[in-house]
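Student: Could you walk me through how the pieces of this fold pack together?
Tutor: Gladly. Have the structure open first.

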Amino acid sequence: MNYSLLEEGKHIFQAISIFKNLSDKHLTLLAENCKILRKKKEDVVFYQSDYSSDLYIVFEGCLKASLFNEEGEEFIITCFKKGDFFGELSLLDGETRSATIIVEEDATLGVLSRSKFLELIKNEPNIAIEMLRALAQRLRKTDAIVSSLAFLDVSERLLKLLQEIAKSENAEIKNGFYIIRKYTQKELASRIGSSREAISKAMKILLFEKLVIEEGKNFLVSTIQKGF
């Protein structure tokens, strides 16, 4: 790792909750022991059920964690952007990967081996506490997904998704509407566990109720919640 990447790595590590309290010495050791991996759009970092246990930190780009059924239909669990990390479950328990990670935007990743991470925990036990906190937050997010699937209809889930996308992107708000890019029916279906046909019907409902407006290449998404 060259100097610029080392300094960038230290900066990114420090912005991640589980590493935020590390000393400069340990941040340097962490960055020095972190391999750099560059991936192109649509590359697969690893597949669900793969045997590997490295921890990945996103330096640049965007990736998605997906599940696939036997027919190849995709359900996107979450997305990872700069400063996020993934792979912590297999890192901790040594079991197979729980999801497939696919690159959505060209990405630069930091890769930390399980042995190096466990060695770091021995020197900095607070990292384990912070990782438990991060796992709890992700579990809460999973609970929210399950609740949405169980109790919200497709139009409600779709509006909730669009609003969450807008918030995560710090979308501009104009006259009570978030402004975000248009997503395809396939993209939206994979994010809420639905079919393209159901998304088409749900979108018609949201358009009719003026909760979503199509404007050129953008969606205008109401800031008002519906049914949740």
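**Packing and pairing**

Tutor: This is a predicted model. Start where two helices touch: V154, R157, L158, L161, L162 and I165 of α6 meet L188, R191 and I192 of α7.

Student: How many nonpolar residues does the contact of α6 with α7 have?
Tutor: Sort the contact by class. It has 2 charged residues and no polar ones. The nonpolar residues number 7.

Student: Are α6 and α7 roughly parallel or roughly perpendicular?
Tutor: Helix α6 spans residues 154-168 and α7 spans 185-192. Their axes lie 10 Å apart, at an angle of about 100°. Angles of 65 to 115 degrees count as roughly perpendicular. Therefore α6 to α7 is roughly perpendicular.

Student: Which residue is the bridge partner of I173 in β8?
Tutor: Strands β7 (residues 173-174) and β8 (residues 177-181) pair antiparallel over 2 bridges. Between them sit 2 residues of a hairpin, where N175 takes a positive phi near 55°. Across from I173, the partner in β8 is Y178.

Student: Which residue in β10 stands opposite I179?
Tutor: Strand β8 also joins β10 (residues 218-222). The two run antiparallel, with 5 bridges. Opposite I179 stands L220.

Student: Which elements do the buried residues of α5 pack against?
Tutor: Helix α5 covers residues 126-151 and reaches 38 Å from first C-alpha to last, close to the 38 Å expected. Its buried residues are I127, E130, M131, A134 and S148. They pack against β5 (85-86), α3 (88-93), α4 (114-123) and α6.

How values were computed. Residues numbered from 1 in each chain as written. Predicted model: local features only at pLDDT ≥ 70, side-chain atom pairs only at ≥ 80, totals over all residues. Heavy atoms only, no water. Axes fitted to C-alpha atoms, helices over the stretch in contact; angles between N-to-C directions. Helix = DSSP H or I, 4+ residues; strand = E, 2+ residues; numbered from the N terminus. Parallel < 35°, antiparallel > 145°, perpendicular 65-115°, else oblique. Contact = heavy atoms within 4.5 Å. Nonpolar A, V, L, I, M, F, W, Y, C, P; charged D, E, K, R; others polar. Pairing = 2+ DSSP bridges. Expected span 1.5 Å × (residues − 1). Buried < 20%, exposed > 50% of the residue type's maximum accessible area, 1.4 Å probe, protein only.
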